[in-house]
Amino acid sequence: MTFVVCEDHGTHLPHQESLRTNVAGITELCENPSAVSQGGNTRLEALVLHTGEFDLGLIQSAIRKTGVDPLGVPIVTLDDSPTAQQMTVLAAGAIARHREFREARPEHAKMLWQTLTEHRHSSSLGVPQYIGAPSIDPSLCSAERGCRLCVESCPVSALKPVSGSITYDVDTCVACGICVTTCPTGATVNPTATEEQIAAQIRAMVSTAEGPIGIEFRCRATKPGPIRDGWYPVEVACTGMLTIGWLLAPLVLGAGAVAAPSCGATGCPIGNDERVSAQLADASSILGKFGVSEGRMMSNGRGAVLEPLTGVDGPSLPNFKDTIVCLTLGVVAGIDDALFTSVTGSVGVVTINELACTACEQCVGVCPAHALAVRRHEDTTEISFDPILCVGCGMCVSTCPEGGRGAITQNRNFDIAALTLGPMPIFTASMSTCEMCGSPIAPRAMLDRIHSMLGTEHAETHDLISRRCLNCR
Amino acid sequence: MSELLETLEKLARFRQGMYRLLSAAFLPPQPERLVNLRAGADMLEGMGLVHLAFYNEWAQWRRALDDVDDVIPIDTEYVRMFTTGIAGAVSPPTESFYRADPIRGETAEVLANLRLLYDKYRLEPTAVVSDTLDHVSIQLEVMSALCAREAEARAEANDRRLELTLVHQLEFVEAHLGVWLPVFVNRIASGETEPFFATLGPATASFVHHDAGVIRSLCRGIAEPEQAR
């Protein structure tokens, strides 16, 4: 395994013994990308290059030639000269991220080859560049249930619902990753920036650093700044993709602070600045509810980094879902019972009004995250709710035919105590059974509702449908 | 600078060659054909194939191609996979198998649609597999011919012909080849087969997927100047 560094501008090499991998320094690597294979016959894991001095297309070609998918090779870009220790931390993170890279299929390589659109272009076309793009796994997608969360969140309208599935226009897509972090089922994936990769990168940086570190999530398009005061960059497609879970996760993984700066003076080119600010403010507020200093959540990586939270080496973090991260943060902060509202979080607490619900199960059928489920017993039907899965989309409320009577409500609350309980029954309806064959007819609440709608005028009809099943009428 | 990156005409020639080579790779293996495939592969690699995202899939097939020292096992495997087999072909290389219900007469519909398209493009399939208009080899050959027309149109600076051939390329990839090829390739991958065929499927699918993006970009290139007028 190999970590290759462009040695120009006095760049220090990382400590090879800490990384347990081959480290190669090559002068003028930025200008001469084919030199990446000079590291020997080992497989390339990550690269360090200098901002503005390399052609990404040529670098990707050189990596490809070594038999490695360039989309899986993190490129650390510098515009200063970090110390050897800082380089070691950067390298550890990049290598860990590379090792969590699984596979990119052809649809994950978004081609950036601008010269092709120039009519009858006569000069050189230049080398195409590729960035990681998302894809949707139809077997996991909840579009058939009516879920449109990715469609609604896409800032460039690249996703469209078409007869029970979501189509994705690769040319319009800017690969910002918002659809990936919005998807409630994990159907939308960009294999170049998965939660597993980011978690591995942060863990490796934390364990390699000599003191507390801050994680600065950095947009792919942002020019890197100098590494100082213990702040280290973690590249994401766009900071707009960062949810509360993503923003708080580094604190659970051992970082002392987190930052998500906007894209410089002109702002985000796809208009995600407000989204980032709102998520940061919400994440900050959640930290306050847990009694954790809100100074750990910042809009840019400046100033001294606080020591990591105590107890972060205890719980594991299976994913970056808002509910999971908040629950884990609660464990770290020693809080097992708290209730607070979130403005932006993908979270919800669903309650059912027993006097209005008819147990028609439409809410269960549309829940994209499978947070609502139904279980049938001999003479009852039970609707259960798992708050850890709920993303607060509100589809259950908007679909409910008894919504006008307040049959179902949803609050955007983090209920830490409830999150630990798993799926709990929130409504149990008794079933009417057929007087002839004994098979279930319908929930009694539904029959009562039909009765109230039909009135006394159709008493005979109601009497029939409530006493006998379809087969015995 | 690599040849394929020099001009759009050379890029079109490169794409013509890629389609042509892959078309030949899906024909029954013969010693002479394997020699030609290797020579063609060398030429395409020399043009700068490494700069394109499907290179890794290509490289795996290339290794498998170079490793073939006896044509008989892969010829036998070709029969099992793509022609008769014992209980029929494992992965029939025809569009109608994946997109038509023969009981409802849809096979004829697919073939008739293709015949109409080939007529529209003024193309006649070559004799080797001419009995199956929807064979993968024929469809790749059609794309090769359309790319050749694009290269000629660019050389002649014939805008009208260029526009027409790009529209045809996009139409054919989006309505036919690009639709069923991934399903066909998955079917090849689902059964154990010789490395030559196991790697040929992903290499072809990856190239065609990439090329669909190239064609869309090229079509935008001809649409944008008109919009500006």
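How many residues does the contact take from chain A and from chain B? The contact between the two chains takes 26 residues from chain A and 29 residues from chain B, two residues being in contact if their C-beta atoms, placed from the backbone, lie within 7 Å. The model is predicted, so that local features need pLDDT of at least 70 and side-chain atom pairs count only at pLDDT 80 or more, whereas totals for chains, interfaces and linings use all residues. Residues are numbered from 1 along each chain as its sequence is written, and chains are lettered from A and ligands numbered from 1 in the order in which they are written.

On the side of chain A that touches chain B, helix H2 (56–65) and strand S5 (109–112) each supply at least two residues. H2(A) gives the most to this side, with four residues. Helices (H or I, at least four residues) and strands (E, at least two) are DSSP runs, numbered from the N terminus. By class, the side of chain A that touches chain B has 10 nonpolar, nine polar and seven charged residues; Ala, Val, Leu, Ile, Met, Phe, Trp, Tyr, Cys and Pro count as nonpolar, Asp, Glu, Lys and Arg as charged, and the others, Gly among them, as polar.

Chain A contains 14 helices and 22 strands, and its C-alpha atoms fill a box of roughly 90 × 60 × 40 Å along the principal axes. Of its 473 residues, 47% are buried (20 or more other C-beta atoms within 10 Å of the residue's own, C-beta atoms being placed from the backbone). Among contacts in chain A with a separation of 6 or more, 70% join residues 24 or more positions apart.

An automatic or database domain assignment divides chain A into domain 1 (1–102), domain 2 (349–430) and domain 3 (431–467). The C-alpha centres of domains 2 and 3 of chain A lie 24 Å apart. Their contact takes nine residues from domain 2 and seven residues from domain 3. Strands S18 (380–385) and S21 (424–433) of chain A each supply at least two residues of the domain 2 side, which divides into four nonpolar, four polar and one charged.

In chain B, the axes of helices H7 (residues 136–156) and H8 (residues 159–190) come within 10 Å and cross at roughly 155 degrees. H7(B) is therefore roughly antiparallel to H8(B), a term for angles over 145 degrees. Residues of this contact include B:Val142 and B:Leu146 of H7(B) and B:Leu166 and B:Phe172 of H8(B). By class, the contact of H7(B) with H8(B) has 10 nonpolar, five polar and four charged residues.

Note on methods
A residue is buried if 20 or more other C-beta atoms lie within 10 Å of its own, exposed if 12 or fewer, and partly exposed in between; C-beta atoms are placed from the backbone. Axes are lines fitted to C-alpha atoms, for helices over the stretch in contact, and angles run from 0 to 180 degrees between N-to-C directions. Angles under 35 degrees count as roughly parallel, over 145 as roughly antiparallel, 65 to 115 as roughly perpendicular and the rest as oblique.
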